[in-house]
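Visitor: Please take a close look at one part of this structure, the aromatic rings and what surrounds them.

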Amino acid sequence: MMSETAPTPPSLLRRQWDSFSFIGLVVATLFFAVSLTPSLLPRHYPVQGILSGFALAAGYSIGVGLVLLWRYLELPRPGTRLESVSRRVTGVAVAVVAVIFLWRDTVWQNSIRERMAMEPVASAYPLHVAAIAAVVGLAFVMATRGLVRLWGVVHVRISRVVPRRVSYVLTTLLVVTAVVMFVNRVVARVALHLADRAFLRIDMAVDEGMSAPQDPLACGSPQSLVPWDTIGRQGKEFLLKGPSAETIRPLRGASARQPLRVYAGLGSRETMADRAELALAELQRCGGFERSVLIVATPTGTGWLDPAAVDTVEALHGGDTAIVSMQYSYLPSWITILVDPNRSREAAEALFGAVYGHWKSLPKDRRPRLYLHGLSLGSLGSESSADLFTIFEDPIHGAVWSGPPFPSTVWAHAVEGRNPGTPVWLPVIRDGSMLRFTGRENALRDAGRRWGPLRFVYIQHASDPMVFFRTDLLYRRPEWLAEPRGPDVSPYLRWYPVVTFLQVLFDLPMATSTPLGYGHNYDHGSYIDAWREVTEPAGWTDAGIERLKRHFAEQVRKEASAEGSGT
């Protein structure tokens, strides 16, 4: 008797399928399809699969929301027969679109990879993407359905005491508020706690051989004011792995000095102001103000300073340089931007204020030229550390900033005021005498022939999501898609509401996964061109600059080969 009354498996599956919103499934499928189109960076299939799963779930949620809005407005529904026919036609059309987009997925991904000199993806790529997206999307859709059911339960109870339409609004507000609070106070807090612990361990980890330097003038030495064990991993690498006078000398073909580097870690002093004062005292102790070039460098969120930026300026000036920096975080820039972007500004202002205060007290003919530098979140902090009044009071000499992240207000103001007809990824600012932009290919001499006494350069790639992500991608086509678009941007990239926002959002944590010269990875050649224009090192010809670029490119190849062989 039990076997006669129990439903058969097909009927159970059919009932489960019918319980889904048809409109939600249609929108979900369309979102899944367009999520396969290219964005700024190439993606491995697990990342693309998770992204497409998110897009699928977002589409389903929007579709369900549209249905609920339709019902709230009490708009008429089509007749049963017309609805049945339209469902079949729509279902077939949407399925065909999804299949076509899956078929084109490898073409779209390879259109980016070709521009970045990467190996093409395998033909099985779309199948892997579809499988992962289905699992991720289903999990989020089930969560969405759970929220809808929760909404229904709350609505039934509220509608007992208020009119039905008022209940719709109140229920939606209550459920949305509860979800946001849960995500912010539980999910986000747990995720940040785990990230904090993980990156703290990385920051504290020390490789074998990373012992304190013995040169009395070196930061972290036994004679240093900065204890070696208070400096994080990135700071120790910065202090130990720079070029020496011996390695710089043959590059210049002339005499060279040992470059000076000063770094205060998070553990060096308790507050930012105290760390800045410590860095200044150490800079004075080791003779940093007696060099010809002094650079106040703001690191990335992890405390990292790009060797491509610091090694090159030291080589250009024969080691007659001093670079001072201070750690303010150990989390990656993309996390720090979301958690506390002002931390880099506060640290940069504290360090620059301390150094600048002493620098301007020195005789003008016996002090170094003063420059700023920052990459990524370091650029965000560095660009705001010297305000307009400082520039007028006693001007510094310039700055090189790379990969300015999207919250950068100084960068945004400059780009918005660019000359008409110049693209957002390579803007020209007035006559180019004070501020210029460049990218993978040197464009600094295209902006104009006249440089003023203050020289500022932004290095940015058209394919860098850290630069070009914006929250209004949700509903607005970005300017960087206007023609002409950047040389490292796929010609197939199109803007789609919501989906493009998700695509570029997913690009953020993958921004440094590209080869050098693309995405958020800036190479030695770009820095050499920028530092040459900004700091005007003596004794370099165009042929000498090309030799220097080849030297660093060969160094990168050797390091990559050593990592690949496990040595």
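Guide: Rings of Phe, Tyr and Trp (its six-membered ring) pair if their centres lie within 6.5 Å; planes under 30 degrees apart count as stacked, over 60 as edge-to-face and the rest as tilted. The model is predicted, so local features need pLDDT of at least 70 and side-chain atom pairs count only at pLDDT 80 or more, while totals for chains, interfaces and linings use all residues. Residues are numbered from 1 along each chain as its sequence is written, and side-chain values use heavy atoms, with hydrogens and water left out.

By the ring rule there are 13 aromatic pairs. One of them joins W401 and F456, which are stacked, with 5.7 Å from centre to centre and 25° between the planes. W401 belongs to strand β5 (residues 398-402) and F456 to strand β7 (residues 455-459), so this pair ties together parts that are 55 residues apart in sequence. Strands here are DSSP runs (E, at least two residues), as are helices (H or I, at least four), and both are numbered from the N terminus. W401 and F456 are each buried, where buried means under 20% relative accessible area, exposed over 50%, and partly exposed in between (1.4 Å probe, protein chains only). Ring pairs also link W401 and F456 with F437 and Y458 in a cluster.

Strand β6 runs parallel to β7, and four bridges join them; two strands count as paired if DSSP finds at least two bridges between them. Within this pairing, T438 stands opposite I459 of β7.

A charge sits over a ring if NZ of Lys or CZ of Arg is within 6 Å of the ring centre and within 35 degrees of the ring normal. R367 likewise lies over the face of W359, at 3.6 Å from the ring centre.

Another aromatic pair is formed by F468 and W480, which are tilted, at 6.4 Å centre to centre with 50° between the planes. F468 is in helix α17 (residues 465-468) and W480 in the loop between α17 and α18 (499-507), so the pair ties together parts that are twelve residues apart in sequence. F468 and W480 are both buried.
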